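Work through the exercises below with the model open. Each task is followed by its solution in steps.

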Amino acid sequence: MQALRWHAKGKLCLDDVGAPAAPEPGQAVIAVSFCGICGTDLHEFVHGPNLIRTGAHPLTGVKPPITLGHEMSGTVVALGSPVPGVEVGTRVAVDPCLRCGVCRWCLHGEYHICAKGGSVGLASDGGFASHATVPIESLVPIPDGVSDQLAALAEPLAVGLHAIRRATVQPGDNVLLLGAGPIGVAALLAAKLAGAAGIYVSEPVPARARTAAELGATEVYDPATTDVRREVFLRTGRVGPDVVVEATGRPELVQLAVTTVRRGGRAVLCGISGAETALPITQIVPFERTILGSLGYNHDIPRVLDLMATGRLDATPLLTGVRPLSAGADAFAELAAGRGNHLKILLEPERS
Ligand SMILES: [Zn+2]
Ligand SMILES: [Zn+2]
């Protein structure tokens with residue numbers, strides 16, 4: 001089979017990697033239907049290695065070249081161990097968090113911050129191939145009525161849902177989102193579901209700002225021309241937003257999040273850029289502002305799929321392109337160059 005593999009920064013190759021092996025106990029092989037290109041994948045392509053280890057990964061022992069792709073849906077074709085509710089032919093999404101299962105965090109259900117954790121598609125071969133071998137605990141059956149295309153969006157949507165759950169957004173809260181890329185948009189949809197009264201968005205790219213407005217943002221600001229902190233302060237009765245979600249990882253926006261959230265409010269940081277920043281302690285301690293990290297998701301993918309199945313969550317606006325896997329490297333180059341105003345491109349392996 002063909003697989004889109006990361007060899008080094010700037011080097012993605014469509015390689016012939018042979019047929020998938022029979023699954024070991026605890027593993028499943030799925031025929032991939034669709035797999036989305038994530039900002040993380042793009043970051044590895046443009047700036048990596050970041051999360052990819054150049055040596056053997058401590059949990060999986062895998063080292064590059066590595067098949068990217070962790071936002072996938074597909075159909076189970078082989079099971080190395082029985083799984084309740086899953087059989088060959090079951091349509092599944094994948095929760096790509098790899099976990100050891102025995103550390104303090106795994107034992108407390110916080111597998112997403114496992115001491116040895118990693119992700120399918122970064123620490124093991126992922127979904128940019130016709131088949132992917134994944135741990136059986138990562139399989140999430142797709143409810144009837146949810147297409148394989150939309151199910152492949154469950155992973156990025158779960159990141160937004162997790163951030164909103166971390167922030168404990170309550171009905172009537174005012175929320176400010178910094179960035180309306182895929183994760184910002186996912187947080188916007190989740191904030192709506194949580195009953196936020198006002199959802200304010202700061203986004204400089206016009207196409208992304210338009211999408212945020214179409215999806216129900218109360219106001220969308222261009223930070224290049226607007227003092228976002230002041231505007232939201234005035235719009236919230238000179239209080240400030242209850243919650244700020246930082247979805248870019250850019251140091252200046254982390255600063256903005258912490259200094260814009262209201263007294264006693266919660267700033268949730270879910271962007272990872274690798275850049276560090278100093279925190280303004282005098283803006284945090286005297287005002288009892290809370291800063292929360294939010295990493296990925298933790299049992300959020302089944303929630304997203306259930307929200308889709310019951311018609312409460314329409315992920316369609318996130319999807320801006322579907323490309324054959326053979327054109328995957330071109331899609332990466334297009335996204336890296338910022339062409340085409342994309343939110344999410346899915347790659348579809350060709351079936352021969
Ligand atoms: Zn992702
Ligand atoms: Zn663990």
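**Exercise 1.** Describe the largest nonpolar core of this predicted model.

*Solution.* 
Step 1. The largest nonpolar core holds 53 residues. L157, V245 and L305 have the most contacts inside it.
Step 2. Assign the core to elements. Two or more residues each come from helix 4 (154-166), strand 11 (174-178), helix 5 (182-193), strand 12 (198-202), strand 14 (243-246) and helix 10 (301-309).
Step 3. Turn to domains. Domain 1 (2-153 + 315-348) and domain 2 (160-293) each give at least three residues to this core.
Step 4. Look around V245. Beyond its neighbours within four places in sequence, V245 contacts A163, I164, V175, L176, L177, L178, A187, V268 and C270.

**Exercise 2.** Is the site of the zinc ion (ligand 2) tetrahedral or irregular?

*Solution.* 
Step 1. List the protein donors: the SG atoms of C100, C103, C106 and C114, at 2.3 to 2.4 Å.
Step 2. Read the spacing along the chain: C-x2-C-x2-C-x7-C.
Step 3. Check the angles. They run from 102 to 119° among the four donor atoms. Tetrahedral requires all angles between 85 and 135 degrees, so the site is tetrahedral.
Step 4. Check burial. C103 and C106 are both buried.

**Exercise 3.** Which protein donors does the zinc ion (ligand 1) have, and where in the chain do C38 and E71 lie?

*Solution.* 
Step 1. The donors are C38 (SG), H70 (NE2), E71 (OE) and E155 (OE), 2.2 to 2.7 Å from the ion.
Step 2. Their spacing is C-x31-H-E-x83-E.
Step 3. C38 sits in the loop between strand 3 (27-36) and helix 1 (39-47), while E71 belongs to strand 5 (residues 71-79). The two are 33 residues apart, and both are buried.

Methods. Residues numbered from 1 in each chain as written. Chains lettered and ligands numbered in written order. Predicted model: local features only at pLDDT ≥ 70, side-chain atom pairs only at ≥ 80, totals over all residues. Heavy atoms only, no water. Core = buried A, V, L, I, M, F, W, Y, C linked by side-chain atoms within 4.5 Å. Buried < 20%, exposed > 50% of the residue type's maximum accessible area, 1.4 Å probe, protein only. Helix = DSSP H or I, 4+ residues; strand = E, 2+ residues; numbered from the N terminus. Domains from an automatic or database assignment. Contact = heavy atoms within 4.5 Å. Donors = N, O, S within 2.8 Å, 3.2 Å for Na, K, Ca; no water. Tetrahedral: all angles 85-135°; square planar, octahedral: opposite > 155°, others 65-115°.
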